[in-house]
Each structure stands twice: as C-alpha cells, then as structure tokens.
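Thank you for making time this morning. I would like to walk you through one protein model, starting with the whole chain and then turning to a few places within the chain.

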Amino acid sequence: MNGRWTPARFGAATAALQEVMRFAQPADVVLGQFFRAHRQLGQRDRALIADTVYDVLRHRRWLEHLCITPTPRRMVLAAMMKLDGQPIAVTEAFVKSDELPWLAEVRAGRSDTLETAVRLDLPEWVYARLMAQFSPHEVESLGRSLQRAAPLDLRVNTLKATRAQVLERLRTDGLECEPTPYSPSGVRVAGKPAINLHPLFKEGAIEVQDEGSQLLALLLAPRRQDMVVDFCAGAGGKTLALGAIMNSQGRLYAFDVSDKRLSNFRPRLKRSGLSNVFPQRISGTRDSHVKRLARKVDRVLVDAPCSGLGTLRRNPDLKWRQGDADIAQMSAKQSEILGAAATLLKAGGRLVYATCSLLREENEGVVEAFLHQHADFRSINASETLAHANVTLDTGPYLRLRPDLHGTDGFFAAVMERHQV
C-alpha cells in the first residue's frame, strides 16, 4: 500500500474537507482549528491533509462532476486518484467492494469534454466577468494558472542582508531557490520548506511575500525622510517592505481596523529591526487619526480589501465564499477607502491604489471614478515608475499582474499624484 495514504489519514482528510466546505471561514483558519483539535496528527499528516483539501478546492467543479454524488469522502477519493495519481489499489482499505466500479469510472473520467467554466473550476459569475474582460484564450490561460499552487516567494530585508547573501545561505542549507525576475529583493523557493523555522526567518532577514506584493512598495517609492501611511496594513508585509526602502527613517504609519491583524503584525515588526513603523488601529475612514493627518502625508498606499480573485492559487476557497452581488458592495467600499486615504496627501504627494483582484469593477473602475471626482489628482504611468526603480516590467499605465504571465499573484495598482497647488 502507498505509504502516503493510511486509513487514519484518509479519515482525517475527509473530516477536514467537510469542515472547510461549510465555507463559514477561510480555509486556512478552518484547517488551523482542525489541526489544533487533532493534535495527534504529525507534520506529514497535516501536510498531506492540507494539500488534499486545497487540491479539492482548486478543482471542486470537476471533481463534483466526476463524483456524481459529491460527498467529501468521495471527493477525497477522486482527488487521490485524479490529482495525486494514486492507483485504485491504494483505496482498497478505504472503500467497499461495491464502490470499486464507481472508482473505475472516476479513474477513466476525462475533462476535455466539460464546459470551460467547469474545467477551469470557475464559478459561473467569475467566468462571466472574466469573459467580459479577456479573450477566451486569455481566460483559458488565466484559469489554468489559478488551478496551480503558488510558489513560495520571499522578500529579503535589506536592512539585515543582501539578496546574494540570502541565496547563498539558503542554497548552502539545501534549499533550491532563485532570484525573482522583477523584484530586486525577491527570492523564489522551490517546494514547501518550513521557512518559518529557518534562522534567516527568525532573524528577520527574510519575510514571506509574493513578488507582486513587493512591487507595490516600489511603486509608492517612499523617500527616507517621508511621512508614509499604509492605509490598510493587514498582515503588514507591505509595511515592512516600505520601511526597508526608507532605511528605517522617516515616519511610517500602519493603519488597520483589526486589532487582531495588528497584533499578529507586531512580532514581524520586531523581527524586522525597523524603528520607524507605528501600528495604529483605526475605527474606519472617519477615524480621528485619519483626520489629524489631513494634507500632511507624503505617500499613501491603499491595498484595498477586495474579492481576492488574484490569489486563488493560495486561497481557492475565496471563489466559493463570495458571489456576484458582493462585487458591487466591494467596489463601493473600495471607493470610500480610497477617497478617505486621499485626504491625507499633501500637494505633490503620491497615492497608490492596489488590489489583488482581477476584476475591472474593483480596479480600473474604482480609479477612474476617483480621478473623475478629484480634479486635483492625476494618474502616473506605473511602468515608468517601476523603471525608475530599475524594474523592467511594462503592463501599461496601470500595473496588471497575472499568474500565467508573470508568475505572481494577480495584482492591480494605479499610481496617482496630488497636483502642486
């Protein structure tokens, strides 16, 4: 019998998938809770279970079609054979004899005759919106890329190490890695090593951050003595990147509405060695801290809450936890946040609006509406801005990143400047 799969692992994977597919919370949160409740599971058990759950989420529509009666148990079995490449013999300890004919049908099942949205595992509402923006060939390419697991990207903390030093150390320790093609501080690592246990991570010399996210800090291009606000700091990855560019000088505020996110950010901040970062919880766009900084800030980054469809390689459950109606609500919230963040900027200040969405309604639509309503702001070419940072990447006036074209998560960013008045 294949050593990867045992009856205990199969049962745990089925139970974990059942919990995740309630879609009440993000998949990583649910899995974390599941593993804490099943402490007898070892590291290899957890890795196999998590990989299986995420594989099912990435290929849910196709697996449901194969399973006919798509219970979590059957979907794990189908994933074992169709995605993990296991022979039917491996499942003999898990199934009844009368299920073997069904398994044989699953094993022989093909996907090339399925509807495109099913084959690409996109909900109908997502597929329709993408088809309205891209050609069928582009949607095919994009959809396939979103079904693949994302690589592990790291950002080198240039206050503590150079990229060359990090690459040398990781390779010495047996990790396969290479420089990222665009970000000058990025490193891409093969496989899924426990990077949080590596000394470089513990020392704050590296942080986990997608290459596309790293480029947002370069678009903002803060100067060393600037006053800067990361308006939606979240987990703080971009805040740390901005602080490193500023060489720990100036003043950098990390705003967020969540105490929990800011609390989780503080250990990362401590590891980084930055002394110019000030985390601040705000109650919303009308918070007093926002009002006090009106017209005083040099640079503002708005990495707005969004559908996250550009991160489906990492968070495939997002496409099942949202619906078409959510996009209009999301774009209204994004417009409100962008408008509030813009009030912080002094004349000549720079504003970067970004999302990890692929949808025009959350991206160009929000920016164009903002520029129409704010005559004192003008758009700056994102490709030219990156060129000033010695990054050769031309996606037009806006930054538009796609996993199939650039190897990053899907990102959008617009660079704007307040007129000198």
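I will begin with how to read the model and then go from the overall fold to single residues.

What you see is a predicted model, in which local features need pLDDT of at least 70 and side-chain atom pairs count only at pLDDT 80 or more, while totals for chains, interfaces and linings use all residues. Residues are numbered from 1 along each chain as its sequence is written, and side-chain values use heavy atoms, with hydrogens and water left out.

The protein chain has 19 helices and 12 strands, where helices (H or I, at least four residues) and strands (E, at least two) are DSSP runs numbered from the N terminus. Its radius of gyration is 23 Å, close to the 22 Å that the globule rule gives for 421 residues, so the chain is as compact as a globular protein of that length; the radius is taken over C-alpha atoms, and the rule is 2.2 Å times the number of residues to the power 0.38. Along its principal axes, the C-alpha trace spans about 80 × 45 × 40 Å.

Of the 421 residues, 55% count as buried, meaning under 20% relative accessible area, with exposed being over 50% and partly exposed in between (1.4 Å probe, protein chains only). Among contacts between residues at least 6 apart in sequence, 71% join residues at least 24 apart, a contact being heavy atoms within 4.5 Å.

Let me turn to one helix. Which residues of helix H2 (residues 27-37) are buried? They are Ala-27, Val-30, Leu-31, Phe-34 and Phe-35, and they cover an arc of only 130° around the axis, which puts them on the same side of H2; the arc is that of the directions from the helix axis to the C-beta atoms. In general, an α-helix has 3.6 residues a turn, so residues three or four places apart point the same way. What covers the buried residues of H2 includes helix H1 (7-20) and helix H3 (43-58).

Now for two single residues. Phe-255 lies in strand E6 (residues 251-256) and, at 1% relative accessibility, counts as buried. Leaving aside residues up to four places away in sequence, Phe-255 touches several others, among them Val-229, Phe-231, Cys-232, Ile-282, His-289 and Leu-293.
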